[in-house]
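Subject: Structure for you to look at

Hello,

Here is the structure I said I would pass on. Please open it first, then read the notes below alongside it.

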Amino acid sequence: MLPELPFAILILFSYLIGSISTAIIACKMLNLPDPRTQGSNNPGATNVLRIGGKKAAVITLMGDGFKGAIPVLIAHYLGFNMLDVTWVVLVAFLGHVYPIFFGFKGGKGVATFLGALLALSYLVGLGFIITWVFVAKVLKISSLSALIATAFTPIYFYLITDNLASTYVITLICLWIFYTHQSNIKRLLSNQENKIN
């Protein structure tokens, strides 16, 4: 086995890679407005889709997903246990939400969390995707689909991994996602949230 990378260094790396804003980079590359100043002012794939179209949104979605997946894959490779890896997921997620490179004002974290989930347990990630797609098809509201898929994720995670300690960390991330979606929840309650075209 390779010499173990100190956990603190991996945590720092996870936060820094999470802090890279794919939305801002994609918009600059494609000569689009800064997503922090347009639409919902959120540097995430949904807002980028609104202001720049599908190409920019796909780049943002993929980039944000890889930010979550890469630290998890490294942690797996280095032999860290499941609980340690879920802390890596949390820190990468926090990097996206509170990026050091952009004044600690980032996105809502769903794509980064999903990328990490797929790397952590592809069955859990698949459960998230299936739930999101099903709800989106029925209700046609992206944020509500993400919130419902997020709410079910700790259940999927525990049933698949049978790891209670790690489930607590995943649950913490899911609660944080609800926190980052406060404005969406208010719009949902007032029936003002945008629908998927």
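D162 is found in the loop between α8 and α9 (164-180); helices here are DSSP runs of H or I with at least four residues, strands are runs of E with at least two, and both are numbered from the N terminus. D162 is exposed, with a relative accessible area of 56%. In these notes, exposed means over 50% relative accessible area, buried means under 20%, and partly exposed is in between (1.4 Å probe, protein chains only). D162 also has a positive phi of about 55°, although it is not a glycine.

Before going further, note that this is a predicted model, in which local features need pLDDT of at least 70 and side-chain atom pairs count only at pLDDT 80 or more, while totals for chains, interfaces and linings use all residues. Residues are numbered from 1 along each chain as its sequence is written, and side-chain values use heavy atoms, with hydrogens and water left out.

Backbone angles

Most residues other than glycine have a negative phi. N31 is a non-glycine residue with a positive value, near 55°. N31 sits in the loop between α2 and α3 and is exposed, at 72% relative accessible area. Just after α3, G53 takes a positive phi of about 90°.

Helix α3

Which residues of helix α3 (residues 45-52) are buried? They are A45, N47 and V48. These residues cover an arc of only 155° around the axis, so they lie on the same side of α3; the arc is that of the directions from the helix axis to the C-beta atoms. The cover over them includes α2 (22-29) and α4.

Helices α4 and α6

Two packed helices are described by the angle between their axes and the distance between the axes. For helix α4 (residues 54-77) and helix α6 (residues 110-120), the angle is about 35° and the axes are 7 Å apart. Axes are lines fitted to C-alpha atoms, for helices over the stretch in contact, and angles run from 0 to 180 degrees between N-to-C directions.

Contact means heavy atoms within 4.5 Å. The residues of this contact divide into 8 nonpolar, 5 polar and 2 charged. Here Ala, Val, Leu, Ile, Met, Phe, Trp, Tyr, Cys and Pro count as nonpolar, Asp, Glu, Lys and Arg as charged, and the others, Gly among them, as polar.

T112, in helix α6, is buried at 2% relative accessible area. Leaving aside neighbours within four places in sequence, T112 is in contact with D64, K67, G68, A92, F93 and H96.

Other residues

S21 lies in the loop between α1 (7-18) and α2 and is buried, at 9%. With neighbours within four places in sequence left aside, S21 is in contact with P43, K67 and F102.

T161, in helix α8 (residues 142-161), is partly exposed at 21%. The C-alpha atoms of T161 and K140 are separated by 31 Å.

Cysteines

How many disulfides does a search of the whole structure find? It finds 0, a disulfide being a pair of cysteine sulfur atoms within 2.5 Å. C27 is buried at 1% relative accessibility, and C174 is buried at 5%.

Regards
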